[in-house]
Amino acid sequence: MKDNRLKVALVGNPNAGKSTLFNSLTGLRQKTGNFPGVTVEKKSGTFLLKGPNNQGLTVTAVDLPGTYSIYPKSADEAVVMDILANPQHPDYPDVVVVVVDGSNLLRNLLLFSEIHDLGLPTVMALNMLDVASDRNITVNAVQLAMHFQVPVVNINARTGTGVTQLKEAISGVIHSPKYQLKSYFYNPADSFPALISEVKAEYGLTNDYMAMQYVCQHDNFTFVERALQVKLDGLIEKHDFDEQDFLATETIDRYERLKPIVDKAVKVTGETEQPYWTRQLDRLLLHPIGGYLSFAAVLILVFQAIFAWASYPMDLIDEATATTIGWVKDMLPPGILNDLITDGVLAGVGGVIIFIPQIAILFALVAILEESGYMARVMVIMDRLMRKFGLNGRSVVPLISGVACAVPAIMTTRSINSRYERLLTILVTPLMSCSARLPIYAILIALVVPAQKVLGIFNLQGLVLFGLYLLGLVGALASAWVISLFVPRKEPGYFMLEMPSYKLPRWGHVGMTMYESVRSFVFEAGKIIVAISIILWLLASYGPGDRMDKAEQAVVASMSVDATQEDVDAAVASARLENSYAGSFGHFIEPAIRPLGYDWKIGIALLASFAAREVFVGTMATIYSITGDSEDVLTVKERLQQELNPETGQPMYTTAVGTSLLMFYVFAMMCMSTIAVVYRETNGWKWPLIQLLYMTALAYVSAFIAYQVLS
Amino acid sequence: MSARTVSQLKKGEKGIIKSFKDRLMSLKLLEMGCVPGCTVRLDGSAPFGDPVCVNIGGQYCLSLRISEAATIEIE
């Protein structure tokens, strides 16, 4: 429900400087969340205004998704009108600030004129005048203010110039008498008087243009009940209204009316080219050879950062977790509570925070690439290749981000404006090897691949690791292609991407993005991972009836007298686990995984990691009852090397079993958080279930082939 | 002879938007500032010639697939 606090919404074209202005206005007083009912990211924050008696007035600013018009083309953009058309919406603004790029005035004024006609109190923030003047363009703000009868403020969002004046203008609008639209810039009632008046009467509207939005956009309006939406369809039919025809006419008419205004307000004093540096950089970065080489260099840098640089803080976190667990274990009296806190909760928390360095670095780098304008070039040079697989150049960002974590990667697909291509991207992004797979790869490679040099310079283990990442990428592209054969495309995909000029990244913004991605990972994915750790601990600590106790007694009785206490403890833990709920499940699924070369112990690890694959190594450690520091990969590895296959007497982890496991983990959908986010992003269970099925099948078949061929 | 389209422009060549061949595509292009009467210039293209980068009315650079550029008729 709408509350009484004052709200300002920021609206504008992509690349107009809307988010920069938002940061200048709110500084650190901002938070990120979701718009109610939808998963589109919402940034809101507060700032102070001077009230009429000079007292401070706190105003909430909401940064709405960037859009070229109020008619949405993507899931992101649909949010804008869903809020602006619904006075009951909690984010419904008292004032709309339209950020207008002065260096590209005509196109930016299209959106402004639409917002203006909706009858909302509006302020125009004229931004990018420095860019305009570099391109020999000067803009007369007074002309625009006079024409539209709204306050127009010159700002420079990057430096913060004009923000004080903008606040004064907002304050002026808030404290002026109730806002009334003086005249429509473009009135649809001129062409469709009967339809508009009927909609206005039926839905209690006063604004003609808003009534037209009900006609054109009611399917996107979450606040209009289904029955009332259907009724609108009836009205459209009754009045024989052709929506597409109207939209084309409206846009052309608006531009025709805007043209003389722009001609009057804009003075051009020379060539209006893109900045020199942008043209020079594009010659290199879009070059047939140079373009791909530079992209490869950027990718190598990103990988280097995620895997080499992040390992230092990750080692520190790992050590700190182990120390903390050991310390708590000693401090608390032994017992169930102690085990639950250390082996359940703390181990789970450790499993979450270990990924923070990688996620922070990846998102900082992606933010820098996006801020600088380079990401748009990557999308351009990759579009043709991506299209062959049914994807879009914009799919590159989620696919790259998927190397850190599929959850935020899937959220970045919202910017893909073609629904079909967005769906395909969502379905295949989890095949990219995320950072949670890395510890699994590391231990299995160490187990089955000899540490030797190839061609004198390449480390064989490193090459195999690289190969697994490549396999994930190839799997993602191939799956997209196969899915596109089965799922018919309803509308043609389209690309159409504005190429911003290159800019230096705003470091504050990069830092904020980094902080936000870490925060949402820790609190959203973290909750699930910790919960699973606890459940797993419960399943592994308890068993049906007194089976676990009986198994323990049998083991103790069978041990030889000279066995050390450590050996006894290890054997007891192992026997108890085999008879716990988790152990029973391992035995239960053993027949299904035997063709892949796995036994019931690996079955438990599979079960545990179906919820979150990162618990694999920890589970293996528990299962193989390692005494001492179970977090240390080396000891787990040594223990796995010693594990014998009870049937053959040979080592359990042969090349065949190791490879089979690697194949399984490359392709399997083993992450509850991903399933949850796909459910949210696709609004239903259909696609996450299909995804779970096809990825599991892919994993099973490749693991089966690997094992059968190699054994 | 059918009209030329943006996809047939050579690098650096200019044209003036006349009309659109695809209605759905035209709605998107119009909102991006590709209005009839507006000057377009092919600034360059991605490796292998698709997508292309088109300067719209001297205002900004828009990247389009060849198939999208082929829906914009010019004179």
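This is a predicted model: local features need pLDDT of at least 70, side-chain atom pairs count only at pLDDT 80 or more; totals for chains, interfaces and linings use all residues.
Residues are numbered from 1 along each chain as its sequence is written, while chains are lettered from A and ligands numbered from 1 in the order in which they are written.

Chain A has 711 residues, and 45% of them count as buried. Buried means that 20 or more other C-beta atoms, placed from the backbone, lie within 10 Å of the residue's own; exposed means 12 or fewer, and partly exposed is in between. The C-alpha trace of chain A spans about 100 × 55 × 55 Å along its principal axes. Its secondary structure comes to 31 helices and 12 strands. These are DSSP runs numbered from the N terminus: helices are H or I with at least four residues, strands E with at least two.

An automatic or database assignment sets the domain bounds. Chain A is given domain 1 (6-175), domain 2 (188-268), domain 3 (274-285 + 360-491 + 654-711) and domain 4 (534-648). Between the centres of domain 2 and domain 3 of chain A, taken over C-alpha atoms, lie 42 Å.

Now turn to the interface. Here 30 residues of chain A are in contact with 26 residues of chain B; contact means C-beta atoms, placed from the backbone, within 7 Å. Helix 3 (105-117), helix 10 (243-265), helix 12 (290-309), helix 16 (374-388) and strand 12 (497-499) of chain A each supply at least two residues to this side. Helix 10 of chain A gives the most, with 6 residues.

Pairing requires at least two DSSP bridges between the strands. Besides the pair in the opening question, L497(A) stands opposite S63(B).

Strand 5 of chain B has a partner in its own chain too. Strand 4 (residues 52-56) of chain B runs antiparallel to it, with 5 bridges. I56(B) stands opposite Y60(B). The two strands form a hairpin with 3 residues between them, and G57(B) in the turn has a positive phi of about 55°.

In a regular strand the side chains alternate between the two faces of the sheet. On strand 5 of chain B, Y60(B), L62(B) and L64(B) lie on one side, C61(B) and S63(B) on the other, and all are buried.

Conventions:
Two residues are in contact if their C-beta atoms, placed from the backbone, lie within 7 Å.
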